Amino acid sequence: MSYTTEQLQAMRQKYVARGVGNGNLNIATKAVNATITTEKGEEFIDFAGAIGVMNVGHSHPKVVAAIKAQLDNFTHPGFNVIMYESYLQVCKRLCEITDGDHEKKAILFNTGAEAVENAVKIARKFTGRPGVVSFYRAFHGRTNLTMGMTSKVKPYKVGFGPFASDIYQAPYPYAYQRPAHMTEDEYIDYTIGRFDEFFKATAAPETIACLVMEPVQGEGGFIVPPQRFVEHVYNFCQKYGIVFVADEIQAGFSRTGKLFAMEHFGIVPDLMTTSKSLAAGVPLSAVVGRAEIVNAPSPGELGGTFSGSPLACAAALAVMDVVEEENLNEKAEIMGAKLEAYLTEQQKQYPFIGDIRRLGAMVAAEIVKDPTTREPDAARTSAITDYANSNGLLLISAGINSNVVRFLAPLTITDEELTKGLAILSDALKAANQ
């Protein structure tokens with residue numbers, strides 16, 4: 001039996017939990033590269049990429065072929081019951097492609113939140129310390145521990161507490177919203193000072209197991225930190241024996257024009273978490289890093305029933321091939337530059353585009369009521385994304401104040417798809433200006 005869009009929408013309302021958000025109520029039936037086709041035959045250009053999952057594009061032939069080939073052998077014997085090669089190969093390749101010439105090990109999980117939570121477990125076991133530091137505006141997941149590490153209260157945290165203890169949020173720079181009287185260099189100095197003061201007033205460094213940092217804040221609004229700040233944080237961690245964890249879940253796998261975003265800052269993290277585009281939509285995440293740290297837990301203390309699914313591992317190995325063979329780092333920078341040029345041109349006509357920022361193809365436009373006051377404009381941001389989602393463009397927002405339009409289109413997007421998407425975005429900006 002086939003259902004109409006309206007019947008499926010009614011089914012969603014009747015049977016699916018209200019807590020699941022939907023940015024677009026159409027029904028997808030097919031997706032190729034950056035184009036999604038609905039049950040009604042309408043096409044949507046995808047500028048959301050399942051929130052950063054589809055860096056290699058929807059239904060990449062090599063990924064699809066790898067998953068189908070794995071299905072002919074087995075679906076899931078369970079790595080902790082009997083081993084299989086693809087799990088081993090994914091761990092090997094992650095250790096090889098991440099920065100640093102030290103000995104590394106990796107472990108696989110299902111989701112980004114699981115990876116972050118297990119990175120914390122590993123760091124606590126290694127250091128014997130309880131404390132965890134994340135940053136203001138951070139997002140690390142929806143489990144109890146990662147909710148505590150996440151900054152935005154609504155919709156992620158309100159009503160779900162109490163949260164895990166010994167979690168602290170340190171200051172993180174936001175150059176666009178700095179005090180008007182400060183130069184950027186003065187603001188960096190100020191934020192570094194606040195970071196150091198945090199460890200005097202809020203959390204003693206000797207009690208901190210790990211510090212978890214997004215090299216570019218994702219849900220926080222695509223905030224790119226200054227080089228000096230990242231270096232200072234890393235050096236502080238090294239001084240006090242704090243495990244430095246890079247959360248590369250949204251920024252990794254070529255999104256920023258480097259395989260992993262920390263490469264832009266010349267920092268080699270002690271541990272790294274990755275997920276999202278790691279397996280092109282098949283649930284998979286990983287913690288990879290210094291062998292002596294990853295090895296701290298004993299056998300049986302880490303893992304999960306579905307962790308390192310063979311289907312996901314097959315997809316991940318194909319993704320890593322595609323990233324290299326199709327030079328996605330270069331494609332990310334090219335696409336990011338095109339988006340930046342487009343937004344800069346639109347900014348001349350629409351001053352409510354207050355700030356344009358990017359690292360590679362991790363691009364954002366901050367929407368404000370006035371470019372002088374820089375007051376957030378969540379209502380206009382919603383108008384832009386709503387128009388887009390009603391007219392053939394999947395577009396999502398971010399930011400503590402929900403006033404940042406973010407772009408996470410597949411890095412494999414064609415010129416035709418990009419042009420079509422930007423044309424719809426132009427109409428959305430025009431409609432939001434009326």
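What follows is my notebook, sorted by sheet and by helix.

**Ground rules**

I am working with a predicted model, in which local features need pLDDT of at least 70 and side-chain atom pairs count only at pLDDT 80 or more, while totals for chains, interfaces and linings use all residues. Residues are numbered from 1 along each chain as its sequence is written, and side-chain values use heavy atoms, with hydrogens and water left out. My helices (H or I, at least four residues) and strands (E, at least two) are DSSP runs, numbered from the N terminus.

**Entry 1: the seven-stranded sheet**

I began with the open sheet of seven strands, whose order is β4-β10-β9-β8-β7-β5-β6 and whose pairing is mixed. I count two strands as paired if DSSP finds at least two bridges between them. At the edges I found β4 (104–109) and β6 (167–170); each has a single partner strand, so one side of each is left without a neighbour in the sheet. On average, neighbouring strands here are turned by 20° against each other, direction ignored. For angles, axes are lines fitted to C-alpha atoms (for helices over the stretch in contact), and values run from 0 to 180 degrees between N-to-C directions.

β7 (residues 208–213) and β8 (residues 243–247) are parallel and share four bridges. Met 213 has Ala 246 of β8 as its bridge partner.

Next I checked a helix lying on these strands. α7 (residues 184–201) lies across β5 (131–135), β6 and β7, and runs at about 155° to β6.

Contact here means heavy atoms within 4.5 Å.

I compared its length with the expected span, which is 1.5 Å times one less than the number of residues. The 13 residues of α4 should span 18 Å, and the end C-alpha atoms are 18 Å apart, which agrees.

Which residues of α4 are buried? I noted Ser 86, Tyr 87, Val 90, Cys 91, Arg 93, Leu 94 and Cys 95. Buried means under 20% relative accessible area, exposed over 50%, and partly exposed in between (1.4 Å probe, protein chains only). These buried residues of α4 pack against β4, β9, β10 and α10.

On the α4 side, the contact uses Ser 86, Tyr 87, Gln 89, Val 90, Arg 93 and Ile 97, and on the α10 side Pro 310, Cys 313, Ala 316, Leu 317, Met 320 and Asp 321. I sorted the contact residues into eight nonpolar, two polar and two charged. My classes were Ala, Val, Leu, Ile, Met, Phe, Trp, Tyr, Cys and Pro as nonpolar, Asp, Glu, Lys and Arg as charged, and the others, Gly among them, as polar.

**Entry 2: the four-stranded sheet**

The other sheet I looked up is open and antiparallel, with its four strands in the order β11-β12-β15-β14. β11 (353–359) and β14 are the edge strands, each pairing on one side only. Neighbouring strands in it are turned by 30° against each other on average, direction ignored. α11 (residues 328–349) packs on this sheet and touches β11, β12 and β15; its direction makes about 170° with that of β11.

Is β11 enclosed or open? Seven of its seven residues are buried, so it is largely enclosed by the rest of the structure.

β11 and β12 run antiparallel and are joined by six bridges. Ile 353 has Ile 367 of β12 as its bridge partner, and Ile 356 has Ala 365. Two residues separate these strands in a hairpin, where Gly 360 in the turn has a positive phi of about 65°.

On β12 (residues 362–367), four bridges make an antiparallel pair with β15, and Ala 365 is partnered there by Val 405.

β15 (residues 404–407) is covered on both faces: Val 404 and Arg 406 on one side, and Val 405 and Phe 407 on the other, are all buried. Three bridges pair β15 with β14 (residues 396–398), again antiparallel, and Ile 396 stands opposite Arg 406. The β14–β15 hairpin has five residues between its strands, and Gly 399 in the turn has a positive phi of about 100°.
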